[in-house]
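Subject: Structure handover and what was found in it

Dear colleague,

I am passing on the structure that we talked about, and below it I have set out what was found. Please look at the sequence and the model first, and then read on.

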Amino acid sequence: MNKLKLLVFLLLLQPSLMAQRSCQEVLAVAESFLIDGNTENVGKILNQTRGKCGDDVNWFYIQYGYQTEVGHIDSAGVFMKQAVKLFPKNDSIYFLLAQSHLLTYDSVEALKGISIIEQAIKMRERPSYQLCRIQLKHIAGNYAEALAEIEKMPGVNKNYDALVEWGTLLTDNGKEKEALKKFNEAIKLDKFSASAYLQKAELLFNFFNKQDDAMGVLDTVEMIDTSLADPSLIRAAFFESRDDFDNAISEYDQAIQTDSSVHQVYIFRGNCLKEIKEYDLAEEDYQRYKKLHQDETEINYLLAELYIAKEDYVAAAMLMSQMETKGESAYQLFMTRGIALNNNGQYDDALKDFNKAERFPERDVDLYYNRGLCYFNKADYRKAKYDFEKAKNMNPQEMEFHYMHCRAAFHSESYDEACSSCKTAQFHGYKPIDKMYLKNCK
């Protein structure tokens with residue numbers, strides 16, 4: 001233990017000095033022990049100060065752990081679990097621990113959170129606890145169950161947060177008109193809170209196709225709170241959905257200027273830059289995000305796909321190999337590296353990766369199409385035909401699969417199959433079709 005901390009701790013525990021210290025001063029020392037993981041001394045300090053500070057002791061400690069969730073959800077969860085051990089009969093701590101699971105927006109974590117909030121509800125029934133349970137069920141994917149519960153929630157029509165959640169659940173249950181009513185009811189309750197406006201704007205954009213009305217709602221949000229990046233993000237998503245990447249990028253620029261802590265914007269903007277073939281700028285954004293979140297794997301896949309788009313197949317394959325060396329073993333890894341190796345002419349190595357990918361339950365039509373391309377490039381037309389046939393059977397609406405099956409069948413001298421697939425592609429307007437593949441057709 002740090003000698004200075006120990007000295008302060010011993011002094012604080014002296015009854016004569018305790019009376020002279022404010023609760024906040026005492027708890028500042030508790031925080032330092034908490035950071036060190038020394039929960040035993042944290043407990044002693046809190047027990048010593050409880051008579052003077054009462055529930056403020058618990059709340060100060062709880063808030064310390066809870067506030068760290070903004071940037072460090074995992075570590076905050078650790079603090080809250082320590083709090084539960086120190087105060088096993090404090091329902092508020094169970095509530096905040098459940099909320100730490102809520103803030104991850106992960107279905108698995110949400111299920112864990114449900115069991116925790118149930119413990120709080122057993123101790124004391126509060127509307128905030130019930131709403132937390134409903135939100136956790138929502139994130140866990142239990143939309144219908146969550147909707148049924150919120151409809152019966154006491155006082156829901158006078159609870160702003162509950163109305164916003166109700167509207168969101170109605171949206172996810174395909175009841176957009178009813179959802180809009182709930183957001184409007186929430187706005188009547190509180191015209192200076194942003195969440196109902198933001199949800200309303202998304203509905204106006206995506207369901208009611210009222211672009212001007214949605215823009216007006218977002219303007220209102222920006223007047224209420226100039227520090228929010230959400231209006232820019234919603235506008236950007238709208239433009240991006242319409243392939244208006246230039247305006248989307250401008251909105252993402254604004255979002256970053258407004259709140260640079262929303263790191264996900266770098267991925268969003270990078271995706272748009274990739275779409276307009278500004279590959280170097282896209283890579284800069286991906287690398288910015290990777291530097292901030294070095295433990296995340298998904299950013300590496302985005303980078304590899306970008307390298308493939310840039311035709312830097314060696315860089316893409318090397319990045320996937322680095323991930324594999326670090327213990328990553330996933331369908332996406334083998335598929336991405338297989339595509340890069342195939343495009344680089346390393347067909348045998350690519351086939352090894354595609355065959356590894358086939359062992360994963362996530363295998364889909366992309367595997368058979370890309371492995372078919374690899375066999376076709378190797379002039380192994382019989383195996384290519386088999387994979388393209390599987391691809392076209394899995395997704396008969398994609399005429400590219402029919403045409404590639406036609407080509408592979410033709411070169412493997414299965415002319416009847418070639419004619420059937422080419423005629424299907426031709427009938428559905430697929431262009432161009434080499435007349436060579438139709439010359440043996442009746």
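With a relative accessible area of 18%, E283 counts as buried, a word that stands here for under 20% relative accessible area, while exposed means over 50% and partly exposed in between (1.4 Å probe, protein chains only). E283 sits in helix α18, residues 279-292, where helices (H or I, at least four residues) are DSSP runs, numbered from the N terminus. The C-alpha atom of E283 is separated by 6.9 Å from that of L303, although the two are 20 residues apart along the chain.

Please keep in mind that this is a predicted model, in which local features need pLDDT of at least 70 and side-chain atom pairs count only at pLDDT 80 or more, whereas totals for chains, interfaces and linings use all residues. Residues are numbered from 1 along each chain as its sequence is written, and side-chain values use heavy atoms, with hydrogens and water left out.

Helix α18 also holds D285 and R288, which are separated by about one helical turn because they are 3 residues apart. Their side chains meet in a salt bridge at 2.6 Å, N to O, the term being used for a side-chain nitrogen of Lys or Arg within 4 Å of a carboxyl oxygen of Asp or Glu. D285 is buried, at 1% relative accessible area, whereas R288 is partly exposed, at 36%.

The structure holds 22 salt bridges, and E118, R133, K137, E145 and E149 are linked in a network of them. K137 forms a salt bridge with E145, at 3.1 Å between the closest N and O atoms; K137 is buried, with a relative accessible area of 9%, while E145 is partly exposed, at 44%.

Finally, how many of the 13 residues of helix α11 are buried? The number is 10, so α11 is largely enclosed by the rest of the structure, and W166 and G167 are among them. Helix α25, residues 399-411, is mostly covered as well, since 11 of its 13 residues are buried, including F401 and C406.

With best wishes

How values were computed
Helix = DSSP H or I, 4+ residues; strand = E, 2+ residues; numbered from the N terminus. Expected span 1.5 Å × (residues − 1).
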